[in-house]
Amino acid sequence: VPQFFLSCPKGLEEMLENEARLVLGEHVKGLKQEDGGIKLNTDTEQFLYLMLSTRIGSRGHMQLGQWPLYDMQELKQLAMEFPVEEHMSVEQTFKINTLFDPLARQEFKNSMLTSQVFKDGIADRFRAKKGVRPSVDLKNPDITFLLRIEGARNAKKVAPYMLTLYCDLSGPPLSNRSYRVSEHVAPLRENVAASLVYKATFEADDTFLFDPFVGTGTILAEAAMYKANAVPSFLNLPVWRKYYAFARQLWFKADKGLNEKVDSWARDQYEKSRTGLLQLPGNFFYGSDIDRSAIGMAQQTMAALGIEKKVHMNVADALKAMPPKSTKGLIICNPPYGERLSTPEEADKLFYDLGEHFKTNFKGHRAFFLSGDPKAYKNIHLKTSCKMPVYNGDIDCRLLGYKLF
Ligand SMILES: C[S@@+](CC[C@H](N)C(=O)[O-])C[C@H]1O[C@@H](n2cnc3c(N)ncnc32)[C@H](O)[C@@H]1O
């Protein structure tokens, strides 16, 4: 069984594991959490479905080989010995990315240089075998290889490091759902928004979801897709052959059976997702923002998903906004914070005021915040029901949950 690596924002490894187990059921073997992702064994077909179904994952990779490694010199040798022509043709463009663990970083230091050494090895092999070398394309390559170099940890280690070579199967990050039409100043990663939705969990008697800092509407979009049982790849499915990297790779093109299976899976999921979204209740999703242009962007997001009539939005200051209904509901939001939108002092005050406003006016509901300041909870004078670290890009955030009873 082939081995795969599915990456995710740091902090979400456990959530990704749970999701993978749910999607793959008995098809998954040897699943292990790593820093920033999970490793697992499964059929290639199943892994492709997981990639197209994960709300939390960032990129999917297939393992091509693993070798003990001494140093840079040996890395070049390994690159020349690896039968790369089985994975790409010389007309295809490629790119190498390298990731280290702290131990490997001490030895290899520079990931760009390391990638270059491996790239030279691949190019030399092609030239020796075919007389020509493939081109590197850093922006839009046909094939991206990932080198993971780690300090060898097991007792019987034969070399100080371990090299794992992967090939990227996703292309654009899986978190790109293609519903966000315009770019916001402070974008929230779609998979981080999905983690808020998972963590907050809808209860059967919830009567609304409200995002008072709606921005481009990422949280409402992820929540709607989740509630509708729509796959996060929904909008990419009609163009999956063009969109996902695996569809352009030699092994995939050669497997006609697999091509047909993925094609029929994609059609089926697209239809189910569309139907699910159409059937969403028309009085459940609410959003507001102080900035009128943000509301416009959020409306575009909803329109991309075909649910613009089901999501109610208006311009409002979150510190004055009231719950859309008096019956039990859920608030999930991502208020502005120091690093991107306002000064740290303003962010502190906003979180304090928000805590007070919610304490008084949102009794009976549950609220979840994503905060870009890990200490923001100190400014919210309410008892947390959840305080989970998660990275939005390279910003150390906290997911804070409150029961407002
Ligand atoms: C970090 S962004 C939210 C991003 C959003 N989650 C998305 O998916 O794009 C914060 C948003 O809060 C809005 N905002 C700032 N202060 C506000 C306030 N007092 N009341 C309501 N919205 C506010 C900003 O206009 C901005 O759109």
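This is a predicted model: local features need pLDDT of at least 70, side-chain atom pairs count only at pLDDT 80 or more; totals for chains, interfaces and linings use all residues.
User: Why is Gln-46 called buried?
Analyst: Buried means under 20% relative accessible area, with exposed over 50% and partly exposed in between (1.4 Å probe, protein chains only). Gln-46 has a relative accessible area of 15%, so Gln-46 is buried. Gln-46 sits in helix H2 (residues 44–53), helices being DSSP runs of H or I with at least four residues and strands runs of E with at least two, numbered from the N terminus.

User: What does Gln-46 touch, not counting residues up to four places away in sequence?
Analyst: Gln-46 touches Leu-24 and His-27 on that count, where contact means heavy atoms within 4.5 Å.

User: What makes the lining of the largest cavity a lining, and which residues form it?
Analyst: On a 1 Å grid over the protein atoms alone, a cavity is a set of points where a 1.4 Å probe fits but cannot get out, a pocket is an open set with protein on both sides within 12 Å along at least five of seven lines, and lining residues have an atom within 4 Å of a point. The lining of the largest cavity includes Met-51, Leu-174, Arg-177 and Tyr-244, and about 40 Å³ of space lies in this cavity.

User: What is known of the largest pocket?
Analyst: The largest pocket has a volume of about 1,100 Å³, a volume being the space filled by probe spheres set on grid points that are joined across faces, edges and corners. The largest pocket is lined by 41 residues, and Ser-7, Cys-8, Gly-36, Arg-59 and Leu-99 lie nearest its centre. Strand S5 (94–100) is one of the strands that supply at least two lining residues, and S5 gives the most, with five.

User: How do you know that S1 pairs with S3?
Analyst: Two strands pair if DSSP finds at least two bridges between them. Five bridges join S1 to strand S3 (residues 37–41), and the two run antiparallel, with Phe-5 opposite Lys-39 in S3. S1 also pairs with S4 in the antiparallel sense over four bridges, and Phe-4 stands opposite Met-62 in S4. Four of the five residues of S1 are buried.

Key. Residues are numbered from 1 along each chain as its sequence is written. Side-chain values use heavy atoms; hydrogens and water are left out.
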